[in-house]
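Welcome, and please open the model in your viewer. We will go from one stop to the next, selecting a few residues at a time.

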Amino acid sequence: MTLNLSPNIADPDDFYAELINSQRDLDEEQALRMNARLILLLANHIGDRKVLTEAIGCARRGGS
């Protein structure tokens, strides 16, 4: 499996709004903790360490 950098989310604007709204009533620490939990849940779903390492590098560089 390789990291998919092509658009792949149905209704990306709706997803973005849901993500932003999920943090609306949280303080900064709560939002950071929620983001960390979300990252770990999605990383577990992906499961492939090579893909996860590639994603970490991509995110650190600021894009694709």
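Select Asp-27 and Glu-29 at the start of α2: a side-chain oxygen of Asp-27 comes to within 3.1 Å of the backbone nitrogen of Glu-29. This is a predicted model, in which local features need pLDDT of at least 70 and side-chain atom pairs pLDDT 80 or more, while totals for chains, interfaces and linings use all residues. Residues are numbered from 1 along each chain as its sequence is written, and side-chain values use heavy atoms, without hydrogens and water.

Next, select all of α2. Its 19 residues reach 27 Å from first C-alpha to last, close to the 27 Å expected at 1.5 Å a residue (1.5 Å times one less than the number of residues).

Now show the whole protein, which has 3 helices and 0 strands (DSSP runs: H or I of at least four residues for helices, E of at least two for strands, numbered from the N terminus).

Where is the centre of the largest pocket? Select Leu-3, Ile-9, Leu-42, Ile-46 and Ala-55, which lie nearest to that centre among the 23 lining residues. A pocket here is an open set of points on a 1 Å grid where a 1.4 Å probe fits, with protein on both sides within 12 Å along at least five of seven lines; lining residues have an atom within 4 Å of a point. The elements giving two or more residues to this lining are α1 (12-21), α2 (28-46) and α3 (49-61). α2 gives the most, with 7 residues.

How values were computed. A polar contact is a pair of N or O atoms within 3.5 Å; within protein, one must be able to donate a hydrogen and the other to accept it, and residues adjacent in sequence count only if both atoms are side-chain atoms.
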